[in-house]
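Here's a quick tour of one model, taking in a helix, a core and some aromatic rings. Have the sequence and coordinates open as you read.

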Amino acid sequence: MAPHERLTWGRTIGFGAQHVVAMFGATFVFPVLMGLDPNLAIMVSGGATILFLLVVQGKIPSYLGSSASFVSAVTAIRAGGGDTATVTGAILVSGAVLAIVGLVVHFAGPGVVQRLLPPVLSGAVVLLIGFNLAPVVAETYWPQDQWTALLTMIIVVAGSVLLPGFWGRIAVFLGLAGGYLLSWAFDVLLGPITAPGSDGVVSTHPRVDLSGVADAAWFGLPEVHAPSFSASAIIVVLPAVIALLAENTGHVKAVEEMTGTDLQGSLGRAVFADGFATTLSSALGGPPTTTYAENIGVMAATRVYSTAAYWVAALVAIGFGLCPKFGAIVAAVPGGVLGGITVVLYGMVGLLGVKIWVQNRVDFADPVNLLPVAAGVIAGIGGVSLTFTPSLSLSGISLGTLIVLIGYHLLRAFAPARD
């Protein structure tokens with residue numbers, strides 16, 4: 001069924017509900033990891049999806065959920081003393097840059113992406129973004145409850161591989177729900193746990209604390225706030241724009257292959273819509289957005305590409321965002337559960353970079369490809385820093401990305417021709 005075709009209302013609502021479940025786990029997990037309001041994230045994801053469908057003129061069926069590509073940068077900003085306003089200000093600037101890139105792609109043609117960001121570069125940046133998060137799992141989430149983390153990880157991995165079709169595609173959500181139930185059962189059977197909390201302080205406490213749920217209202221607007229801007233925070237976050245550009249390009253190609261239509265002329269619109277949605281979301285205090293592979297997977301399984309189902313999913317998400325009690329339940333997700341989920345998700349983000357290399361047959365026998373990527377990856381993952389002034393330094397993903405980008409293009413420009 002093509003994007004412009006329509007099912008009966010009953011079936012449209014049913015397929016829309018599937019899209020809600022598919023995007024659900026990641027869309028509220030990533031804001032939690034970034035210290036942002038999951039209720040607001042769910043609500044703005046619905047609004048962002050509607051905006052996306054309008055901008056692409058209904059030609060690209062896709063859901064815009066919370067992006068994982070900014071988690072490591074946000075973690076670095078908060079570790080350096082940045083608050084939520086600083087985080088969302090940096091994300092806002094990144095969204096605006098992505099929107100400008102979308103306009104350039106729209107008017108200059110999709111070939112400009114390939115010239116500026118060939119697969120060797122986009123793959124390296126995506127790999128950096130994922131693997132740079134490994135210490136967050138090891139030092140923050142996993143120690144809060146190692147056994148629940150291990151069991152949650154097993155549920156996600158086994159569910160993704162062993163469960164059929166749609167159920168395998170929502171394995172993250174199933175892992176989240178299963179880990180939540182396991183934590184509650186361990187509290188009942190074993191009592192409180194003595195372990196670090198989210199602040200790193202060791203104490204004896206229950207794994208699941210639902211005290212905030214009873215006090216939360218059933219209906220209400222999420223709390224919004226204005227962003228603030230810091231040059232150092234913006235520099236840390238900007239490399240994620242490359243990851244979003246790579247994600248959007250890949251997802252448009254996937255939809256193009258599934259629907260059998262030429263969508264390259266709409267790529268610029270898709271990138272612009274994602275950037276504009278990210279800008280609006282962060283202006284309210286929400287997370288960055290991106291097109292979701294989970295929902296593309298639902299389309300691949302059902303072969304239903306009607307954009308009407310995405311309108312239904314977006315409206316349902318807005319409804320969830322208006323329920324503070326739901327947000328309180330999300331905020332109570334135990335740290336051990338997040339540990340089990342993030343150890344898989346962060347690794348998957350990093351390996352998407354490797355997938356870009358493999359699919360495009362990147363030649364690492366060519367030193368122009370090999371050497372800047374080798375240096376940038378080690379600098380980024382290892383936490384190498386370059387200090388200019390007491391208030392301005394580059395490290396982690398931002399430094400690694402600059403080494404890869406500048407090193408590659410300079411070497412490509414001046415390297416002698418190879419036989």
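Let's start with helix α20, which covers residues 396–414: its 19 residues reach 27 Å from first C-alpha to last, close to the 27 Å expected at 1.5 Å a residue. Keep in mind that this is a predicted model. Buried residues in α20 include the run Gly-396, Ile-397, Ser-398, Leu-399, Gly-400 and Thr-401. Further along α20, Val-404, Leu-405 and Tyr-408 are buried too.

Now for the core. The largest nonpolar core has 91 residues, and the ones touching the most other members are Phe-30, Leu-33, Phe-52, Phe-70 and Tyr-346. Take Phe-52: leaving aside residues up to four places away in sequence, Phe-52 touches Ile-60, Ser-62, Leu-64, Ala-270, Ala-273 and Thr-291.

On to the rings: there are two aromatic pairs in the structure. Phe-272 and Phe-276 have ring centres 5.7 Å apart and planes at 25 degrees, so they count as stacked. Both sit in helix α14 (residues 267–283), four residues apart, or about one turn of the helix. The other pairing is Trp-357 with Phe-364, where the centres are 4.9 Å apart and the planes at 80 degrees, so this pair is edge-to-face.

| Residue | Relative accessibility | Class |
|---|---|---|
| Phe-272 | 23% | partly exposed |
| Phe-276 | 32% | partly exposed |
| Trp-357 | 13% | buried |
| Phe-364 | 27% | partly exposed |

Trp-357 counts as buried because its 13% falls under the 20% cut-off.

Technical notes:
Residues are numbered from 1 along each chain as its sequence is written. This is a predicted model: local features need pLDDT of at least 70, side-chain atom pairs count only at pLDDT 80 or more; totals for chains, interfaces and linings use all residues. Side-chain values use heavy atoms; hydrogens and water are left out. A nonpolar core is a set of buried Ala, Val, Leu, Ile, Met, Phe, Trp, Tyr and Cys residues joined through side-chain atoms within 4.5 Å. Buried means under 20% relative accessible area, exposed over 50%, partly exposed in between (1.4 Å probe, protein chains only). Contact means heavy atoms within 4.5 Å. Helices (H or I, at least four residues) and strands (E, at least two) are DSSP runs, numbered from the N terminus. The expected span of a helix is 1.5 Å times one less than its number of residues. Rings of Phe, Tyr and Trp (its six-membered ring) pair if their centres lie within 6.5 Å; planes under 30 degrees apart count as stacked, over 60 as edge-to-face and the rest as tilted.
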